[in-house]
Every structure is written in C-alpha cells, then in structure tokens.
Amino acid sequence: MDKYQEMEACIHVPDGLNERVIRAAREGNRRERGRMVFRSAVCAACALALVLGTVSLGELAVPAPEQPGSTVEHLYSPLVLNYSFGITAGAVENAANGGLIFRWENGSGSFRISGENIREIFLQTSKGTLMKEGEEHGSCIREPFCSDAVYRLAATEGDRVETVDQAELLLEVTFVDGTVKEERYTLHAEKLRAFFNEDGGEVLVPALKGDRDGNIPALYLEGKDARWLVWPVADSQTVSLSMSYGFQKRINADNSAFHTGIDIPGAGGMKIAAAEAGCVVETGYDSRQGNYLVIDHGDGLTTRYAHCQEVMTAQGAVVEKGQAIALMGSTGMSTGPHLHFEVRQDGAAQNPVAYFTGEIRDTLHAQ
C-alpha cells in the first residue's frame, strides 16, 4: 500500500458529503452563469468608457447576504465622471504660489485647456481677441474639446500687453453627460523678472516698480488656491535689490550664495507684523540671523523674520494675521536696520513677492 492509499484509509468521509458536494457544484454553475452575464455587461460599459473618455466606478456597494429566491441588485453605483478642468500650463509657465504666466510674444499670450470627459468648450474674453492656429475668432470661441489645442489672447491695439490688462476670461465646458460647468479668470498685464530657485530652476515673478531687470512682458494669472499674505512692514514698502531673492554674488569671492528671502529696509524699531495667522514654532538668536522667529501657517507654509531688534512673542504662541510680532533691527550679519523675510513651502524657499496680491505689489518699490 503506497502513501496515498494509507492516507485515504485514515480519512473518515462523513455520511452524505458526496451528495452535498454535487448540490454545491450545481448551485455554483447556476451562479457562475449569472456572473458571466454581469461580467459581459461590465465589459460593454468599459468599452463605451474608452470611447467617451476616462470614467471612474463609484464605490462598491456590499450587498446583504442572499436569501432563498432573492436576487442581488445594484452591485455598483452608477458611473461617476471627473469634472475637473481649467486653464493649464503647456504653452504657459507655472509661477510660484500656483500662478500661471502667459509669455507675451508677437502681441499675444498663449494657453491651453485641460480636463477629462469634456465634449465641448466655450471661451469668451472681455478684452482683446481670441485666436487659434493663427485664425481670429473675435471675443469668443465655441468648439469640440481638444487637449492639444493652443489658444491665444491677442491685443486689439498694436502689440501692447497693457491693452488686455484685467481681461476677464470665461471658460465654459460641457461634459459627455451633458453637465455644464464654468470658471472665470482675471488676467493681469505684468512686467516679470526671472529668478533662480535653490535647485537652479528659473522662476518668473511680477517685478516691482524701479526694478530695471523686470522687463519681460506677460499676462499673469493668480493662482486659484493661492495663499495671500499681508505686507509685514506697514511703514516701509521698499524691497532692496542689493540683496534680492535668488543667487547673489559674494563680495570679493568667485562663488555665489543663495539669498532665501527679500530684505525690507527701514528704521530701527519699526513694527513687524505676522504675514498670516499661525503658530510661532521657533524663536532665537544666531550670529547670522540675529534675533529671529518662524511662524507655521499650516499646509506646509512658513514665514521667517530675521535681524529683529526685539521678538515680541514666544515659541508656541498663536498669532493673528497682521499682529505685531517683532521690531525691526540690525542684529546678526546686517549692515543696517532691515527685515529679512522668507516664505517657504514644504521647506523649500519661495520668492515672497509672488505671495502678495496685485493690489499690494502696486504699493511696493524696488531699489
């Protein structure tokens, strides 16, 4: 007797097991036929989705245990479309703080439209002329959606970007299920200045008055989910160009150093305000920054205030937007009273100028 025969001889088969196995197999065949019909319907729906665009199934509904004679219905909720859309990069460039920059070339600025499951788009501008592939469409365009299409907003008078300043752009999209949604954008005519981030990548930011290097014409679209700050020194609207944001040439040295913020000169004792509400996560003194503090504003955004004469709050304190938190000074490595002001997102230095609205930027001067 081999090992399998020995094992079989030791196994006790309960009475009636064979009959129960046969009944279960028959029941399984009946259910499998039902599942095959369901799978066929799902495959047909998936094929249709490939034609219409990307769709996503709703959450799986867990059915109650089957009762004798019952049928299971609504295994899945209806197909749900993704209604995301908007003006996007492509022919445009991403700016700090979620903004978009349309470079102004040959009297127009170009952009694209992105989204999923879009059947038709409608564009309308309150200023200038809309163009596509060199063809003028006047103030509006309505056509089937194409993700590769490049549109242009052109000046109506010569090539001057100022003629479309404050243009309101309406984007209306119709999805494959007939749903219609819209978004409105306000475009600002700006002169930009190029800076470099710590990783060496170029970033374009609206230039301030008096900045001779701010000479790149563009349309600037402020980020929809941007974080806007208040100006931290109400008594000084000046930004120093001698130590602007970005790489700076060291005196009597061949290498460069990265300046992680902007310098706001003023008089000693001027009040410094919190640029946004948050929690003071660090205060202290070191030989480089002098008296300083750092405020955490949530979602990875922090601001730093350095060279203070005095810090007027403590670590762990919760401060309000615009609240006085320090006095301007010249402590640490400083050649005169000023505030070194930094903005960081997830630890990476950002150009603070991009975190102030156009109304605030219009009050600031670079010198």
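Predicted model: local features only at pLDDT ≥ 70, side-chain atom pairs only at ≥ 80, totals over all residues.
Q: Is Asn 97 buried or exposed?
A: Buried means under 20% relative accessible area, exposed over 50%, and partly exposed in between (1.4 Å probe, protein chains only). Asn 97 has a relative accessible area of 11%, so it counts as buried.

Q: What is the phi of Asn 97?
A: Most residues other than glycine have a negative phi. Asn 97 is not a glycine, yet its phi is positive, at about 60°.

Q: Is Asp 346 buried or exposed?
A: Asp 346 sits in the loop between β24 (338-345) and β25 (348-350). It also has a positive phi, near 55°. Its relative accessibility is 64%, so Asp 346 is exposed.

Q: How many aromatic pairs are there?
A: Rings of Phe, Tyr and Trp (its six-membered ring) pair if their centres lie within 6.5 Å; planes under 30 degrees apart count as stacked, over 60 as edge-to-face and the rest as tilted. Go by that rule and the aromatic pairs come to nine.

Q: Why does the pair of Tyr 83 and Phe 175 get its label, and what is that label?
A: The ring centres of Tyr 83 and Phe 175 are 4.9 Å apart. Their planes meet at 75°, so the pair is edge-to-face.

Q: How many residues apart are Tyr 83 and Phe 175?
A: Tyr 83 is in the loop between α2 (17-52) and β1 (85-88), while Phe 175 is in strand β10 (residues 167-175). Tyr 83 is partly exposed at 29% relative accessibility, whereas Phe 175 is buried at 0%. This pair links distant parts of the chain, and the two are 92 residues apart.

Q: Which residue lies over the face of Tyr 83?
A: A charge sits over a ring if NZ of Lys or CZ of Arg is within 6 Å of the ring centre and within 35 degrees of the ring normal. At 5.4 Å from the ring centre of Tyr 83, the residue over its face is Lys 181.

How values were computed: Residues numbered from 1 in each chain as written. Heavy atoms only, no water. Helix = DSSP H or I, 4+ residues; strand = E, 2+ residues; numbered from the N terminus.
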